[in-house]
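Trainee: Please pick one part of this fold and take me through it closely. Then set it beside a few other places in the chain.

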Amino acid sequence: MSLSAMPLLPSDDAAEPVVGTPLLSGLVYTTKPKTAVSENGVTYQILGDEAQSVEVMLRPGQVMRMEPGKMVHMHASLMPEIGTDGGFGQACMRACCAGGSLFRLMFENKTSKDVPMAASPSWPAKVVPFDMSNYNGLHLSASAWFASVATTTEFSIKRADTVGAACCGGQGLFYNVMTGDGVAFLCGGGAIVEKSLAPGEVYVIDTSSLLAWEPSVNLSVRRAGGLLMCCCGGEGLFLNEMTGPGRLWIQPMPLKKLKAAVAMPGGGGGGVIAWETTGHEWLGTRLARQFGRRCAFGTVTSWVPADEAEKDPPLWRVEHDDGDGEDLEQEEVEQAIALYQSRCGSSGSAASVSVSLPPGWVVEKRARRAGGTYNVYCGPGGARANSGPDAWRKHEQPAPSKPPSKPPAGARSGRPTGPAAVKRPAPAAASAKPSSNRAPARPSLPAPAPAPAKGAQAAAPSEPPPAFPPSAAATRGEGGGSSGPRRSPPEE
């Protein structure tokens, strides 16, 4: 029995089975009934229109397997069990080569009554049920399977038939192959359509739009067209060629196209971030960030809640007082608030915007050329700081001491220089008799020096006079050209 002719439970809306609607192209648009029962006794219900979920009534002994993070709600008697579902080797091959997860969750109904359980894809997708009793296995695209209800569900991988299909077919080097019983639930974007191929019939599909196909269908690739078509046609370099016999299922809006549609224009590499200005207690909170020796103050202006589907943590946008901004995670915001409280002694609320400054320091707001303002911290003597704590640091820092003056060139080590070197002692009082240890008076050049006094020769000591370097006058008298400093004779 095909998917499009699955019978319904008795209801007032339909007296006979609902079948898929044939399109002009020969494809079948499968309409999902509200409630259906498969041939092997699995009762399920698909809810929603665009972002759908599936609810299953588990009979006693039935087991529902699913990818981690896909459970929506369940009966209190159900307890999940986690495992590799097929052995560690198969799980590693599935996770590394086929785009699946390493672990699987199993929910078994161990009671004696039917209990409900619901699951959904991790992105806005349609849910497509497959009664595995009607198929001899299915080849699946990466991330297509998310849940199944069966006694046995086996997953294996198959290598692509050709090098072109492996490199350019959009499915990778290995394909997911699913076999077993029960009902498997796949997820795809847009209106899912089905195509039945006759033997030898060829159908061309976009490389990212293939959802599932039977093992009898051969997948190969061909060029999208000429050079201009490959560069500017928007279809890439290659397309998938599907050769019958067999059936295949197509998704017009796969996850890859959905991500490209909401991506940030300009090639930024990230999606559009919807910043919110309400809904969190940290909005308007003051905080401080330490960058080396500089501390910058700012305010939380907006935030983005966590994205469970993409496993992205929440973010908070911080606008600094100097005009810069940054995005912080929860742990970084907590540390920044604690730093602000330790620096300013405040709770960090939006009301505590003012920052204490050292005496004589002021904050001046200046305009940027590109718009906006920034703060300049001005202190005495033309000092500048980047923030309040930086101003306190510069205020408390002692003034640098002046280095000692460099001694004049030619000065000898251990001898006084400057005015002290040329300072002469005060002249002694006049006496009728010169002192015995006074040096003879120096005559004016070029007259020869007069003979010492008669009394001085008689009173001269017997030991030789003390040795000291010749005076500048003696040097000048001998050499006639030196202009060194004059020296006084040593005193007793």
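Mentor: Start with a cut-off. A residue counts as buried when its relative accessible area is under 20%. The model is predicted. W316 has a relative accessibility of 2%, so W316 is buried. Take W316 as the way into the sheet around it.

W316 sits in strand β25, while W282 lies in the loop between α4 (255–261) and β23. The two rings form a tilted aromatic pair, with centres 4.9 Å apart and 55° between the planes.

W316 has another ring partner, W303. This pair is stacked, at 6.0 Å centre to centre and 20° between the planes. W303 belongs to strand β24 and W316 to β25, so the pair ties together parts 13 residues apart in sequence. Both W303 and W316 are buried. In total, the structure holds 7 aromatic pairs. Elsewhere, ring pairs link F130, Y135 and W249 into a cluster.

Now the sheet itself. It is open and has 4 strands, in the order β23-β24-β25-β26, with antiparallel pairing. The edges are β23 (286–291) and β26 (325–328), each of which pairs on one side only. On average, neighbouring strands are turned by 40° against each other, direction ignored.

Go through the pairings. β23 and β24 are antiparallel and share 6 bridges. Across that pairing, F291 stands opposite R294 of β24. The hairpin of β23 and β24 has 2 residues between the strands, and G292 takes a positive phi near 65° there. Next, β24 (residues 294–304) is joined to β25 (residues 315–320) by 6 bridges, again antiparallel. Here V300 has V318 in β25 as its bridge partner.

What packs on the sheet? Helix α5 (residues 330–344) does, touching β23, β24, β25 and β26. The direction of α5 makes about 95° with that of β23. α5 has 15 residues and spans 21 Å from its first C-alpha to its last, close to the 21 Å expected at 1.5 Å a residue.

Which residues of α5 are buried? They are V333, A336, I337 and Y340. These four cover an arc of only 100° around the axis, which places them on the same side of α5. The buried residues of α5 pack against β23, β24, β25 and β26. E331 and S342, on the other side of α5, are exposed.

Now compare some other sites.

Begin with R222, in strand β20 (residues 218–223). Is R222 buried, exposed or partly exposed? R222 is partly exposed, because its relative accessible area is 39%. Setting aside neighbours within four places in sequence, R222 is in contact with V204, L237, F238, L239 and E241. One of these, E241, is 19 residues from R222 along the chain, yet their C-alpha atoms are separated by 6.7 Å.

Then look at the backbone. Most residues other than glycine have a negative phi, and most peptide bonds are trans. Two places depart from this. S143 is not a glycine, but has a positive phi of about 65°. S143 is found in the loop between β12 (138–140) and β13 (145–149). The other place is the bond between G244 and P245, which is cis, with omega about 15°. P245 lies in the loop between β21 (238–243) and β22 (246–250).

Last, step back to the chain. There are 9 helices and 29 strands. Of the 492 residues, 34% are buried. Take the contacts between residues at least 6 apart in sequence: 65% of them join residues at least 24 apart.

Key
Residues numbered from 1 in each chain as written. Predicted model: local features only at pLDDT ≥ 70, side-chain atom pairs only at ≥ 80, totals over all residues. Heavy atoms only, no water. Pairing = 2+ DSSP bridges. Axes fitted to C-alpha atoms, helices over the stretch in contact; angles between N-to-C directions. Contact = heavy atoms within 4.5 Å. Buried < 20%, exposed > 50% of the residue type's maximum accessible area, 1.4 Å probe, protein only. Expected span 1.5 Å × (residues − 1). Arc of directions from axis to C-beta. Phe/Tyr/Trp six-rings, centres within 6.5 Å; stacked < 30°, edge-to-face > 60°.
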